[in-house]
Amino acid sequence: MGYLMTFSHVLSFRVVGDGGSISKGKICSLKARAVLIDMEEGVVNEILQGPLRDVFDSKQLITDISGSGNNWAVGHKVFGSLYQEKILEKLRKSAEHCDCLQCFFIIHSMGGGTGSGLGTFLLKVLEDEFPEVYRFVTSIYPSGEDDVITSPYNSILAMKELNEHADCVLPIDNQSLFDIISKIDVMVNSGKLGAAIKPKSLVTSSTGVFKKRQEKPFDAMNNIVANLLLNLTSSARFEGSLNMDLNEISMNLVPFPQLHYLVSSLTPLYTLADVNIPPRRLDQMFSDAFSKDHQLIRADPRHSLYLACALMVRGNVQISDLRRNIERLKPSLQFVSWNQEGWKTSLCSVPPVGHSHSLLALANNTCVKPTFVELKERFIRLYKKKAHLHHYLQIEGMEESCFSEAVSSLSALIQEYNQLDATKSMPVEDLPRLNVAV
Amino acid sequence: MSIVTVQLGQCGNQIGFEVFDALFNDSHCPRGLCSKKENEAYQASCKERFFSEEENGVPLARAVLVDMEPKVINQTLSKAARSGRWKYGQHSCFCQKQGSGNNWAYGYSVHGPRHEESIMNLIRKEVEKCDSLSGFFIIMSMAGGTGSGLGAFVTQNLQDQYSSALKMNQIIWPYGTGEVIVQNYNSILTLSHLYRSSDALLVHENDAVHKICAKLMNIKQISFCDINQVLAHQLGSVFQPTYSGEGSFHYRRNPLGIDWQVRPPLSGLPPLGKMSVNREIHFNTSIANLVILRGKDAHSADVGAFKDPALYTSWLEPVHAFNVWKTQRAFRKYERSAALVSNSQSLVKPLDRIVGKAWNMFASRAYLHQYTKFGIEEEDFLDSFTLLEQVIASYCNL
């Protein structure tokens with residue numbers, strides 16, 4: 001399943017119809033700047049019948065009936081060429097409605113056929129058609145116990161496209177999301193403490209109503225990702241004493257074009273209904289951001305090497321709180337030699353609903369490497385046996401070289417991370433400076 | 001004589017507001033500790049420098065607000081208007097929607113040329129409102145993209161178009177431990193470009209002001225607002241009116257008239273010793289010091305200690321290097337207050353740190369693709385490094 005969403009700098013919605021409906025404050029006159037794409041209809045139909053049906057413009061949908069059969073090649077090559085014009089048309093229309101188009105958010109999964117194949121096809125289209133506009137990709141990577149057999153193929157083929165055509169990728173895996181909601185579940189059901197949790201404050205909550213055990217786990221998991229995107233854009237949408245725009249993310253967190261994978265963490269997971277939050281509680285939020293239990297992929301940034309780190313804070317937090325915590329946590333973290341003070345920070349005054357403060361940490365860290373290494377290993381296990389390969393090779397435009405190129409692209413990336421890791425315990429030396437005549 | 005302030009980027013605009021607020025509040029302070037006539041002269045002088053008159057009597061700040069995204073300017077305008085006592089001109093702002101992405105190259109090479117005409121027009125309109133222009137006060141940070149890059153571009157333009165007016169840039173040095181990861185790159189590019197077009201760089205370091213808030217003012221949870229207000233207080237105490245000289249009856253006309261140009265002796269500088277920054281700078285050698293005294297006993301205070309030759313470099317006589325301005329009129333309810341503006345070696349260490357960190361990062365070529373994308377090449381970086389190493393060396397050799 002794939003989504004494509006465009007996001008303008010100032011307004012995430014455009015107004016449809018006459019001004020009269022604005023003055024009445026009707027939310028139904030706002031439309032998401034989004035294009036919804038799926039090669040089967042079930043999911044999109046569900047959305048269009050759900051509570052958010054008025055938010056999406058029915059003209060901004062692209063669907064088909066047969067689906068991609070969990071086959072990247074079908075999504076990329078077949079549906080790509082079939083729908084290229086239509087996609088371009090819808091994108092151009094959306095772009096026209098923007099005063100100032102700053103970036104695209106692409107949201108998709110890596111393991112399937114449509115999101116993975118057609119989603120990455122789109123990346124190339126966006127790059128060609130809108131070269132100045134940033135491409136942020138939120139990618140759901142397959143977990144270990146993923147039930148799609150061909151997910152390693154799909155993921156590796158998609159990775160090559162992400163390497164070459166994305167400005168910034170936020171990898172996420174379902175297992176980590178699931179672990180987080182399990183943790184919340186335990187807290188919420190733990191009696192006295194659980195009763196003190198403000199329902200709206202759950203990082204999994206969407207409508208503010210906490211539904212016990214009624215929700216499908218995917219809804220709760222998806223809400224975490226939604227909250228990630230909310231926090232990512234909060235400083236662009238709301239005021240603050242130290243703003244951070246989306247184009248600053250790429251600028252600060254991508255030191256070399258190919259190293260653009262960012263590990264994210266969201267804290268706190270919930271807020272206790274405690275009005276007086278002493279600094280110690282606030283500091284806990286910062287500590288948690290670096291713990292491996294709060295990362296949205298299986299990664300341990302604390303024990304790997306940082307190339308850069310961004311802390312996006314929302315709510316009643318001031319610069320001194322931020323500085324105190326950076327000073328406190330710095331000694332336990334390892335930064336690459338040429339970026340010892342590689343921190344990017346932002347302060348947004350408006351907290352998320354139900355919270356008094358929150359933190360989104362984005363790390364360009366070698367801890368992302370194990371995910372890629374595992375993916376490559378699963379790929380090789382399949383590819384060695386040539387299992388299911390014919391489903392791909394029978395698609396026009398697909399050859400074995402597509403696979404070998406994709407896996408070398410990934411190997412090269414892994415090698416870059418290896419080289420960085422090798423510098424981890426080396427002493428940091430200042431380089432000799434320029435000698436000048438006065 | 002009037003000063004036109006140009007506020008650039010989030011930092012520039014946030015600070016600019018606090019500065020005008022501090023200036024206005026001080027000039028309307030009831031307890032000036034001086035005669036009514038004195039107070040009125042002070043007020044009138046302050047007004048002429050920083051505010052122009054609007055029809056309904058509300059003073060308008062002589063300022064142009066520039067930012068590449070709208071949120072901060074909107075906030076700044078409404079904060080000023082809310083106070084009811086002074087405000088910014090409605091049409092004194094230039095705003096875009098997309099920001100500069102912390103990218104000096106984007107601010108300098110893209111926004112600069114693209115918006116040159118609009119911004120310079122706004123400045124021209126403000127200049128035309130002045131009976132007599134003393135100069136420009138440009139407020140910007142070094143770490144970001146707009147203040148730093150666009151600020152450097154605008155300053156260059158001001159140099160071209162108003163070469164006889166003084167240009168003083170108020171630069172904010174970022175915290176040593178990151179606000180912006182590429183802050184050191186942005187800083188060296190800013191400083192090297194400003195060196196060629198600005199007359200004076202007035203520097204405030206966030207770390208230093210933060211310490212003031214923490215240690216001297218005992219503020220527990222320090223916000224940028226606190227920091228900006230301390231800054232504004234310091235700037236106000238430098239820019240508010242003072243007397244021209246001993247026995248003068250009029251407030252000094254040129255508020256920026258500090259003799260910024262210090263010339264080494266015609267016979268040339270003494271031979272250079274082997275210079276290295278690692279040598280302990282035991283004494284902070286100055287080229288120029290300005291002391292500003294306000295309030296009770298300002299005229300009788302003894303400033304002899306500032307005339308000690310040991311404070312100054314060997315090729316300068318204290319009489320050429322030291323100046324004192326005074327007024328009996330107290331500043332913001334402080335019975336006595338003093339300000340020191342100093343051109344000395346105290347900034348060498350921070351500058352050296354920034355250059356060092358930028359150099360280490362440059363050696364790895366990290367982030368360079370973000371700059372070359374917009375036309376700032378490795379050569380431009382090398383030029384900047386060279387210029388700044390020369391500045392460091394010159395200061396070390398005082």
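Across the interface of chain B and chain A, the rule finds 32 residue pairs in polar contact, both residues at pLDDT 80 or more. A polar contact is a pair of N or O atoms within 3.5 Å; within protein, one must be able to donate a hydrogen and the other to accept it, and residues adjacent in sequence count only if both atoms are side-chain atoms. On chain B, the elements that each supply at least two residues to the side touching chain A include α1 (9–27), α10 (348–363) and α12 (378–396). Helices here are DSSP runs of H or I with at least four residues, strands are runs of E with at least two, and both are numbered from the N terminus.

Some housekeeping. This is a predicted model, in which local features need pLDDT of at least 70 and side-chain atom pairs count only at pLDDT 80 or more, while totals for chains, interfaces and linings use all residues. Residues are numbered from 1 along each chain as its sequence is written, chains are lettered from A and ligands numbered from 1 in the order written, and side-chain values use heavy atoms, with hydrogens and water left out.

Back to the interface. In contact, meaning heavy atoms within 4.5 Å, are 56 residues of chain B and 56 residues of chain A. The area buried between the two chains is about 4,400 Å², and carbon and sulfur atoms give 54% of that. Buried area is the accessible area (1.4 Å probe) that two parts lose on being put together, summed over both.

The rule also finds 4 salt bridges across this interface. That rule asks for a side-chain nitrogen of Lys or Arg within 4 Å of a carboxyl oxygen of Asp or Glu. One of them joins B:D352 and A:R433, at 2.7 Å from N to O.

Now strand β1 of chain B, residues 2–8. Why is this strand described as largely enclosed by the rest of the structure? Because 7 of its 7 residues are buried, that is, under 20% relative accessible area with a 1.4 Å probe, protein chains only. B:S2, B:V4, B:V6 and B:L8 lie on one side, and B:I3, B:T5 and B:Q7 on the other. In a regular strand the side chains alternate between the two faces of the sheet.

What does β1(B) pair with, given that pairing takes at least two DSSP bridges? It runs parallel to β6(B), residues 133–141, with 6 bridges, and B:V6 stands opposite B:I138 there. It also runs parallel to β4(B), residues 63–67, with 4 bridges; in β4(B), B:V66 is the bridge partner of B:L8.

Methods:
Buried means under 20% relative accessible area, exposed over 50%, partly exposed in between (1.4 Å probe, protein chains only). Two strands pair if DSSP finds at least two bridges between them.
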